[in-house]
Amino acid sequence: MGRRGEKQKPSESQQRSASRRPRVGASRAAPLVAVIMGSKSDWETMRAASATLEQFGVAHECRVISAHRTPALASEFAVNAESRGIEVIIAAAGGAAHLAGVIAAQTTLPVLGVPMESDALKGLDSLLSTVQMPAGIPVGTLAIGKAGATNAALFAIAILANRQLALKQKLRDFRAAQEKKVRETKLE
Ligand code: RP5
């Protein structure tokens, strides 16, 4: 609002950034975690990361950014993520999967890579492209596919939980519930 009762028009730059906003699975509060993926075809897998963050009440955004098809957008995202309040980036890609490395090269935020299962090589290509970063620019690489997506979210939560005690407690409760379920498992 500008003067009392008068609605202020969004500035040109506000309008521009709104039109670039994500996005599927996004929470309303300012996002602490960004879940990015090379293609919409990765979303079926990466919705597991979003669902896990949602379960822990962690504000996040999900969007498609490709290192190959939208290199300028990838740079813009990486360079601005920290000033937008993002604390952890989860980057998923498949095939010659450069997204996580390209993003990590342009920010000091922790970047977690999730290799997508590929048609040709079942994700082995994605895994090796993501995990084999030369020394100096780390990408914390998780498992191929849905397990990796879920664990990337849990890893991001563990990072945030160092400063958020309530989140740390939720993580402990989650582990305890998981353990209880396994202990109580009956095969017949
Ligand atoms: C990568 O190529 C994406 O991350 C995706 O896993 C893979 C295939 O993309 P599409 O051809 O389905 O868009 O960049």
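I took a pocket as an open set of points on a 1 Å grid over the protein atoms alone, where a 1.4 Å probe fits, with protein on both sides within 12 Å along at least five of seven lines. Volume is the space filled by probe spheres set on the points, which are joined across faces, edges and corners.

The model is predicted: local features need pLDDT of at least 70, side-chain atom pairs count only at pLDDT 80 or more, and totals for chains, interfaces and linings use all residues. Residues are numbered from 1 along each chain as its sequence is written, and side-chain values use heavy atoms, without hydrogens and water.

I looked up the second largest pocket. It holds about 240 Å³ of space. I found 17 lining residues (an atom within 4 Å of a point). Gly-38, Ser-39, Asp-42, Arg-69 and Gly-94 lie nearest the centre of this pocket. The lining divides into 6 nonpolar, 8 polar and 3 charged residues, with Gly counted as polar.

Next, where is the ligand? It takes up the space of the second largest pocket (the test is more than half of its atoms within 2 Å of the grid points).

I listed the residues around the ligand (a heavy atom within 4 Å). They are Gly-38, Ser-39, Ser-41, Asp-42, Arg-69, Ala-93, Gly-94 and Met-116. By class, this shell has 2 nonpolar, 4 polar and 2 charged residues.

Then I checked polar contacts (N or O pairs within 3.5 Å). A polar side-chain atom of Ser-41 is 2.7 Å from a ligand oxygen. For an N or O atom in the Arg-69 side chain, the distance to a ligand oxygen is 2.8 Å. Gly-94 places a backbone N or O atom 3.1 Å from a ligand oxygen. The protein covers 66% of the 360 Å² of accessible area that the ligand has on its own (Shrake-Rupley, 1.4 Å probe).

Terms used:
Polar contact = N/O pair within 3.5 Å; in protein donor to acceptor, adjacent residues only side chain to side chain.
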